[in-house]
Amino acid sequence: VHPSCQIEAFVSVGAGCQVGEGTILHGGVWLGEGARIGAQTILYAGVKVYPQCQVGNRVIIHAGAVIGADGFGFIGTAKGIVKVPQVGRVVIHDDVEIGANTCIDRGALGDTVIGSGTKIDNFCQIAHNCVVGKNCILCGFVGLSGNTIVGNNVVFGAQAGTKGHLTIGDGCQIAGQTGV
């Protein structure tokens, strides 16, 4: 943890974490083992960053957001529903802002990636193995299903969502409440 960081009450920093210069960790932030947080980043109250996930420089993550929880990976078997291990990470690039109570799931095998300059509103869900390009805007309650790839400069209106395994091209504008 860089000595210039501001660490408030009830923050937990796991073994092997790195926290960059000038970063602020507000009360109740939890960083799992090996998480990496860049410089000049602000994590507001109650943000959780799971083990091995990476957050870039000048990122703002608002209260209650969860970065790196397991994706919704299950498979039906003769013995019932079995959890598929989620062993990827979340990688958030520089200058991203993430709204309150948004969840970004870790990849099942590879990484879930949020491109630089992207802005994500409150209560959004980014599923496992999604890749969101640079300078995208995701308004409130947007949901991206697993393995969705979003190009650069894409805008999702409020409550829009995708079915999994889709590619949304650069510059697309998805109207509010649209299902893709």
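A residue is called buried here when its relative accessible area is under 20%, exposed when that area is over 50%, and partly exposed in between, using a 1.4 Å probe and protein chains only. The model is a predicted one, where local features need pLDDT of at least 70 and side-chain atom pairs count only at pLDDT 80 or more, while totals for chains, interfaces and linings use all residues. Residues are numbered from 1 along each chain as its sequence is written, and side-chain values use heavy atoms, with hydrogens and water left out.

Ser4 lies in the segment before E1 (strands are DSSP runs of E with at least two residues, and helices are runs of H or I with at least four, numbered from the N terminus). With a relative accessible area of 36%, Ser4 is partly exposed. Setting aside neighbours within four places in sequence, Ser4 is in contact (heavy atoms within 4.5 Å) with Glu21 and Gly22. The Ser4 side chain reaches the backbone nitrogen of Gly22 at 2.8 Å, and a polar contact of 2.7 Å joins it to the side chain of His2. A polar contact is a pair of N or O atoms within 3.5 Å; within protein, one must be able to donate a hydrogen and the other to accept it, and residues adjacent in sequence count only if both atoms are side-chain atoms.

From here we can move on to the strands. Two strands pair if DSSP finds at least two bridges between them. An open sheet of 9 strands runs in the order E1-E4-E7-E10-E15-E18-E21-E24-E27, with parallel pairing. Strands E1 (6-7) and E27 (173-174) stand at the edges with a single partner strand each, so one side of each has no neighbour in the sheet. Inside this order, E7 (residues 42-43) and E10 (residues 60-61) run parallel and are joined by 2 bridges; Ile42 has Ile60 as its bridge partner. For an antiparallel example, look at E12 (residues 74-77) and E13 (residues 80-83), joined by 4 bridges. These two strands form a hairpin with 2 residues between them, and Ile75 stands opposite Val82.

What about the interior? A nonpolar core is a set of buried Ala, Val, Leu, Ile, Met, Phe, Trp, Tyr and Cys residues joined through side-chain atoms within 4.5 Å. The largest such core has 40 residues, and Leu31, Val49, Ile61, Ile92 and Phe156 touch the most other members. Beyond its neighbours within four places in sequence, Ile92 is in contact with residues including Val55, Ile61, Ile98 and Ile114.

Rings of Phe, Tyr and Trp (its six-membered ring) pair if their centres lie within 6.5 Å, with planes under 30 degrees apart counted as stacked, over 60 as edge-to-face and the rest as tilted. The whole structure holds 3 aromatic pairs. In one of them, Trp30 and Tyr50 have ring centres 5.7 Å apart and planes at 80°, so the pair is edge-to-face. Trp30 sits in strand E5 (residues 30-31) and Tyr50 in the loop between E8 (48-49) and E9 (54-55), 20 residues apart. Phe123 and Phe141 make a stacked pair, 5.4 Å centre to centre with 5° between the planes.
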